[in-house]
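This briefing covers local features of one protein model, grouped by topic. Please keep the sequence and the coordinates at hand while reading.

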Amino acid sequence: MASKKTVRKIIIAAALMLAIISQAVAGMAASGGIAYTNSKYGFSLTLPTSWAGLYRMEERDSGVSFFNIKNENAGYGGFLFGIFVSDQVEPIDWGYREITRSGGLYYYSARPSDVQFAYENTALTNEYNAMEKDIDSIIRTFRLAPANASTGTTSNAVASPTASTVYINGSIVAFDAYNIDDFNYFKLRDIAFAINGTEKQFEVGWSEAANAISLSSGRLYTVVSGEMSGRGSGNKVAAPTNSRIFLNGTEIYLTAYNIDGYNYFKLRDIGEAINFGVDWDEARNAITINTGKGYDAAAASSPGAGTSDRASIVRDYQSELVGQLWHRSDVLAAGWSDRFLLAPDKKFIYATNQMDGETRTRAISGTWEIEGDYLVLNFRQAIVWEGGETIPATGSTATATEIVNATLAVKTITPAEQHRILIGNYIYSAGVPHPWSVNFETSDKLFEGWWHKYEGEYDYNQLIADYNEMAGA
């Protein structure tokens with residue numbers, strides 16, 4: 001047993017060292033993990049060597065699922081994660097998150113929506129939780145193959161030179177840009193070069209070891225060579241870019257193609273990521289870039305400009321969100337379920353509960369405001385509830401994230417803490433947005449994710465009653 005632990009420590013230490021060298025997060029492929037290739041949809045993953053003999057893989061028409069064998073055999077499901085593929089933007093439900101898109105297909109990762117391990121068995125619980133911690137790293141090894149083995153066709157696309165005139169802050173600029181599937185793609189370094197010195201400037205970096213592109217907003221762009229090399233002539237073959245992309249240190253997933261050795265990105269994706277204005281002027285057949293304003297998802301667009309995946313419908317968040325009980329779709333594999341409500345009296349309650357047969361809850365309350373597309377939450381009080389009783393506070397203040405991950409109990413939160421959460425995304429079904437779902441985007445991940453109006457026995461009034469009971473109100 002001692003030798004196995006020693007070997008495992010060596011493997012983990014080696015993996016961490018490689019991650020530091022490459023400046024990438026837990027790259028399992030770099031440490032020689034278990035390779036998986038899906039021939040039907042042409043993608044690959046790398047599992048950690050520690051998973052050997054512990055998992056079962058099940059390929060389906062829609063993708064692949066991975067299970068922990070022991071917990072599955074114990075009758076607890078054991079589902080760890082899956083990669084699912086669709087030709088529609090519709091299966092963003094119950095923890096589905098888009099990884100990338102290519103050739104008219106959308107690739108999603110999926111996580112469990114309930115407890116998947118035998119929580120009364122310490123050994124099985126520990127094994128499942130150890131594997132669950134590897135999932136994010138595994139998904140980051142996702143790569144599209146250059147060809148689809150089942151059809152013999154490649155995932156390459158035809159790129160035609162963009163015929164539209166491009167304006168930056170009112171001036172015409174000639175770009176080497178291409179149109180792919182009715183979307184305009186620009187050379188990443190050209191955009192960075194063209195808006196350098198403006199308030200929306202950004203730096204572009206490249207790590208060959210990590211096969212990663214990095215974007216750093218607000219930083220002066222470092223000129224290399226090949227920028228603004230002239231407009232393209234004739235159609236080109238565009239191959240999907242398989243490099244990882246990071247924005248200010250956080251991995252993001254953008255549609256990108258490699259044409260003649262250069263990476264081209266969808267203009268609206270870059271505008272949204274860096275937050276500069278992108279508009280379409282049909283009368284002039286012109287694309288306009290405005291660094292003096294932020295990205296507007298609802299801006300007028302056309303096939304020539306490339307429509308945004310964000311809905312352009314104006315939503316009344318004040319009436320839509322208030323007085324409803326919301327449930328986050330991406331329930332954690334450990335069984336934590338998040339619920340959230342905005343009360344009409346400008347108070348909010350957020351509670352995350354462990355669904356393992358015991359009453360274990362982390363609850364946060366405070367005041368709320370809606371400012372445009374932002375939900376502003378001011379945190380005031382938090383409660384740690386274990387086994388049916390409130391644990392006495394061991395400290396006077398803590399951050400909201402510390403509360404949720406608490407091993408200590410805290411009753412008050414620093415009054416200055418405030419979360420500004422971007423709202424406004426829909427979940428799609430056959431191209432139609434559902435009115436009962438909304439996406440929250442926030443930098444600290446506490447509230448981030450898809451939220452659905454809750455339709456269950458645990459209703460709005462019950463959450464208020466439970467919080468008041470825990471708080472001793």
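F43 and F142 are both buried, where buried means under 20% relative accessible area, exposed over 50% and partly exposed in between (1.4 Å probe, protein chains only). The model is predicted: local features need pLDDT of at least 70, side-chain atom pairs count only at pLDDT 80 or more, and totals for chains, interfaces and linings use all residues. Residues are numbered from 1 along each chain as its sequence is written, and side-chain values use heavy atoms, with hydrogens and water left out.

**Aromatic pairs**

- Rings of Phe, Tyr and Trp (its six-membered ring) pair if their centres lie within 6.5 Å; planes under 30 degrees apart count as stacked, over 60 as edge-to-face and the rest as tilted. By this rule there are 16 aromatic pairs.
- The F43 and F142 pair is stacked, because the ring centres are 5.3 Å apart and the planes stand at 25°. This pair links distant parts of the chain, 99 residues apart: F43 is in strand β2 (residues 43-47) and F142 in the loop between α4 and β8 (143-144). Helices (H or I, at least four residues) and strands (E, at least two) are DSSP runs, numbered from the N terminus.
- Y55 and F66 form a tilted pair, since their ring centres are 6.1 Å apart and their planes are at 50°. Y55 belongs to strand β3 and F66 to strand β4, eleven residues apart.
- F66 is buried, at a relative accessible area of 0%, whereas Y55 is partly exposed at 21%.
- A cluster linked by ring pairs holds Y36, F43, W51, Y55, F66, F81, Y107 and F142.

**Charges over rings**

- A charge sits over a ring if NZ of Lys or CZ of Arg is within 6 Å of the ring centre and within 35 degrees of the ring normal.
- R56 lies over the face of F67, 4.5 Å from the ring centre.
- K187 has its charged end over the ring of Y262, at 4.1 Å from the centre.

**Helix α3**

- The buried residues in helix α3 (residues 122-132) are L124, T125, E127, Y128, M131 and E132. They lie on the same side of α3, because they cover an arc of only 165° around the axis, the arc being that of the directions from the helix axis to the C-beta atoms.
- An α-helix has 3.6 residues a turn, so residues three or four places apart point the same way.
- Exposed T122 and A123 are on the face of α3 turned away from its buried side.
- The buried residues of α3 pack against β3 (55-60), β4 (63-68), α2 (69-73), β5 (79-86) and α4 (135-139).

**Single residues**

- T291, in the loop between β22 (286-290) and α7 (317-321), is buried at 3% relative accessibility. Neighbours within four places in sequence aside, T291 is in contact (heavy atoms within 4.5 Å) with N169, I195, T198, E199, K200 and F276.
- A239 is in strand β16 (residues 236-240) and is partly exposed, with a relative accessible area of 27%.
- N211 has a phi near 50°, a positive value in a residue other than glycine, and lies in the loop between β14 (202-207) and β15 (212-217).
- N275 has a positive phi near 70° and is partly exposed at 37% relative accessibility.
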